[in-house]
Amino acid sequence: MLNRMRNGVVAGLAGGLVFGMMMGMMGMLPMIAGMVGSTSAVVGFAVHMVRSAAIGAGFGILLSSVASTRSRSVVAGLAYGMAWW
């Protein structure tokens, strides 16, 4: 289970990096930083990445049995990410 969770964290961080860059371009990171009482875009990005890692870990634990192939992993990951979004 630890291996599945670690793989989920890595995938969550990869997705979080892409989405975090998009949020940065749209000026949304200070809003995310507001969750911890800050207005810094850097803090917002850090909060976003921690949440992305946690969500990815959840995917690894809950849905790794569904994601038995690379294509199934991608489809399941996209569906899981859209549900969180």
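Helices (H or I, at least four residues) and strands (E, at least two) are DSSP runs, numbered from the N terminus. The structure described here is a predicted model, in which local features need pLDDT of at least 70 and side-chain atom pairs count only at pLDDT 80 or more, while totals for chains, interfaces and linings use all residues. Residues are numbered from 1 along each chain as its sequence is written, and side-chain values use heavy atoms, with hydrogens and water left out.

The protein chain contains four helices and zero strands, giving the pattern α-α-α-α when read along the sequence. Along the principal axes, its C-alpha atoms fill a box of roughly 40 × 25 × 15 Å. The chain exposes about 5700 Å², of which carbon and sulfur atoms supply 74%; accessible areas come from the Shrake-Rupley method with a 1.4 Å probe, and for residues only the protein chains shown count as cover. Of the 85 residues in the chain, 27% are buried, where buried means under 20% relative accessible area, exposed over 50%, and partly exposed in between (1.4 Å probe, protein chains only). A contact is defined by heavy atoms within 4.5 Å. Among contacts between residues at least 6 apart in sequence, 46% join residues at least 24 apart.

Helix H1 (residues 2-25) has 24 residues and reaches 34 Å from its first C-alpha to its last, close to the 34 Å expected at 1.5 Å a residue. The expected span of a helix is 1.5 Å times one less than its number of residues. The buried residues of H1 are Gly8, Gly12, Gly16, Gly20 and Met23. These buried residues pack against helix H2 (29-33) and helix H3 (41-63). Just after H1, glycine 27 takes a positive phi of about 75°.

A nonpolar patch on the surface is formed by Leu17, Val18, Phe19, Met21, Met22, Met25, Met26 and Trp85, with about 930 Å² of accessible area together. Patches are made of residues with over 30% relative accessible area and no salt bridge, like charges being joined within 9 Å and nonpolar side chains (Val, Leu, Ile, Met, Phe, Trp, Tyr) within 5 Å. A salt bridge is a side-chain nitrogen of Lys or Arg within 4 Å of a carboxyl oxygen of Asp or Glu.

The aromatic side chains were examined next. Rings of Phe, Tyr and Trp (its six-membered ring) pair if their centres lie within 6.5 Å; planes under 30 degrees apart count as stacked, over 60 as edge-to-face and the rest as tilted. The structure holds two aromatic pairs. The rings of phenylalanine 59 and tyrosine 80 have centres 5.3 Å apart and planes at 55°, so this pair is tilted. Because phenylalanine 59 lies in helix H3 and tyrosine 80 in helix H4 (residues 70-84), the pair ties together parts that are 21 residues apart in sequence. Phenylalanine 59 is buried, with a relative accessible area of 14%, and tyrosine 80 counts as buried at 16% relative accessibility.

Tyrosine 80 also forms an edge-to-face aromatic pair with tryptophan 84, at 6.4 Å centre to centre and 70° between the planes. Both residues lie in helix H4, four residues apart, about one turn of the helix. Tryptophan 84 counts as partly exposed, at 49% relative accessibility. Phe59, Tyr80 and Trp84 form one aromatic cluster. The C-alpha atoms of tryptophan 84 and isoleucine 55 are separated by 8.3 Å, although these residues are 29 apart along the chain.
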